[in-house]
Amino acid sequence: MNPQLLFWIPAALRLSLILLLAGITWWFLGLTLGLGIAVLGLLILIVVQLGYLYQLSNWLDHPDSMKLPDGWGAWTDIFSRLYRLRRDDEKNRAELSEWLTRFRQAMSLLPDGVAIMDDVLFLEWCNPAAERHLGLNLERDRGMRVTNLIRNPNFIDYIILGRYDQPLTLSLRERKLIVHIIPFESRRQILVTHDATEVERIEMMRRDFIANASHELRTPLTVINGFLEIAAGQPALDPETRMTHLKLMTEQGKRMQNLVEDMLALTRLESMDYPVRPEPVGITALLNQIVSEAQALSAGRHSITLSIDGPDIMGSPDELRSAFSNLVSNAVRYTPEHGTIELAWQDTAEGPQFVVRDDGIGIRPEHILRLTERFYRVDKSRSRETQGTGLGLAIVKHVLLRHNAVLAIDSEPGRGSVFTVKFPRGALHEVLAAPA
Ligand SMILES: Nc1ncnc2c1ncn2[C@@H]1O[C@H](COP(=O)(O)OP(=O)(O)O)[C@@H](O)[C@H]1O
Ligand SMILES: [Mg+2]
């Protein structure tokens, strides 16, 4: 029913009742008593209304939907409407605070930093990623001016110039950050930060790789082109010189081929959509083949021994052959004449391992951590002399990564090196039970 009617009808009824009572009294008992009844009735009505008003005023001090007073007459309706308003309000508040909690949670999981500043750049709020990226602490720094908190000249210029249509790349706290300010609500601004350190590192690696590869290819190409020019300019070259030139050109051609093959192998290994298809690896046959290749490379200048005392494993035979033969050919190439090279396939408590031990030139400790970087060589000229590409150990690292294996390098200059490939015990490398 119409709330207006709900209010007025009971009020009119109550007033009419009092007037009726007063009228009847007047009729039967005289005017004085009639007026008395009317005044009394009105007084009672006023006292009751004042009582309710008092209750309402008390309730408004501590509004709680559960503790609303019951009403009488029009008050019933007023109280029940207040109750509904209050209940809706409480529900909205609960929803809002739940939403806010969810929003905070989502913001704290965000890898990108978000900070909110007011129109004069005072920090109002930020998420944990922004704290990490910008070195902020919300509790400590809230209400401080952002330009006082992030004291980087490029950042301050960016803010002063206010060209917010473009993001800013910033080096901050040894990280590369992409910072973007987005004005909103006409008086506030959001500061978004993205950590681009890793992307930048990969980009730099790619640039380095291309620069290194071009550099490596240029040298043999220069040599070959030089001899070709000579051949073109002096057609009547004596056969002996011609043979020497051809031999040198073949060597350089072979070097370029090695390099390109190693680069292709690395690229193949790095492509993630090409996982290892585990197959049984016949360790004995594989290592025997590697030993005969090493003997050919050594040409009798080293003593090479092999001991096999471990189980076969699962993995990619081709990749493992390439990794193992890289380690063995390094041992041959970096060990002077009459040196000893010991190869061993062993079983340990942690899993099988392949050990390559030489008593060659060894490696100084500061180089050891960097050996598996592409094109990293301790001595460039020696590596080139021995047909090295500088990619061997990078290939080894990738093959091992794909087999969950690790490479341990132990070396001492002048005494020799031990390269150990450690395989884990696990599904991929499950030791094959010897067939009955
Ligand atoms: N057994 C070893 N003894 C001494 N130095 C080694 C040995 N194996 C690798 N190195 C060093 O590590 C560098 C990187 O090895 P690698 O990636 O295989 O490239 P390279 O093509 O030069 O052999 C080599 O240039 C060499 O300086
Ligand atoms: Mg090598």
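**Domains, a helix pair and a ligand shell**

The C-alpha centres of domain 1 and domain 4 lie 95 Å apart, in what is a predicted model.

Q: Which domains does the protein chain have, and where do they run?
A: The domain assignment of the protein chain lists domain 1 at 3-103, domain 2 at 110-195, domain 3 at 205-270 and domain 4 at 279-422.

Q: OK, now helices: at what angle do H9 and H14 cross?
A: Helix H9, residues 239-270, and helix H14, residues 392-402, have axes that come within 10 Å and cross at roughly 25°. Because angles under 35 degrees count as roughly parallel, H9 is described as roughly parallel to H14.

Q: And is that crossing of H9 and H14 left-handed or right-handed?
A: The crossing of H9 and H14 is left-handed.

Q: Which residues meet there, in H9 and in H14?
A: From H9 come Asp 262, Ala 265, Leu 266, Leu 269 and Glu 270, and they meet Ala 394, Ile 395, His 398, Val 399 and Arg 402 in H14. The residues of this contact divide into 6 nonpolar, 1 polar and 3 charged.

Q: Switching to ligand 1, which residues come nearest?
A: There are 22 residues around ligand 1, and of these Arg 377, Val 378, Ser 383, Gly 388 and Gly 392 come nearest. Two elements, helix H11 (317-333) and H14, each give two or more residues to the shell around ligand 1.

Q: Which one gives the largest share of that shell?
A: The largest share comes from H11, with 3 residues.

Q: How do the residues of the shell around ligand 1 divide?
A: They divide into 9 nonpolar, 10 polar and 3 charged.

Notes
Residues numbered from 1 in each chain as written. Chains lettered and ligands numbered in written order. Predicted model: local features only at pLDDT ≥ 70, side-chain atom pairs only at ≥ 80, totals over all residues. Axes fitted to C-alpha atoms, helices over the stretch in contact; angles between N-to-C directions. Helix = DSSP H or I, 4+ residues; strand = E, 2+ residues; numbered from the N terminus. Parallel < 35°, antiparallel > 145°, perpendicular 65-115°, else oblique. Left-handed = near helix turned anticlockwise from the far one by under 90°. Contact = placed C-beta atoms within 7 Å. Nonpolar A, V, L, I, M, F, W, Y, C, P; charged D, E, K, R; others polar. Near = placed C-beta within 6 Å. Domains from an automatic or database assignment.
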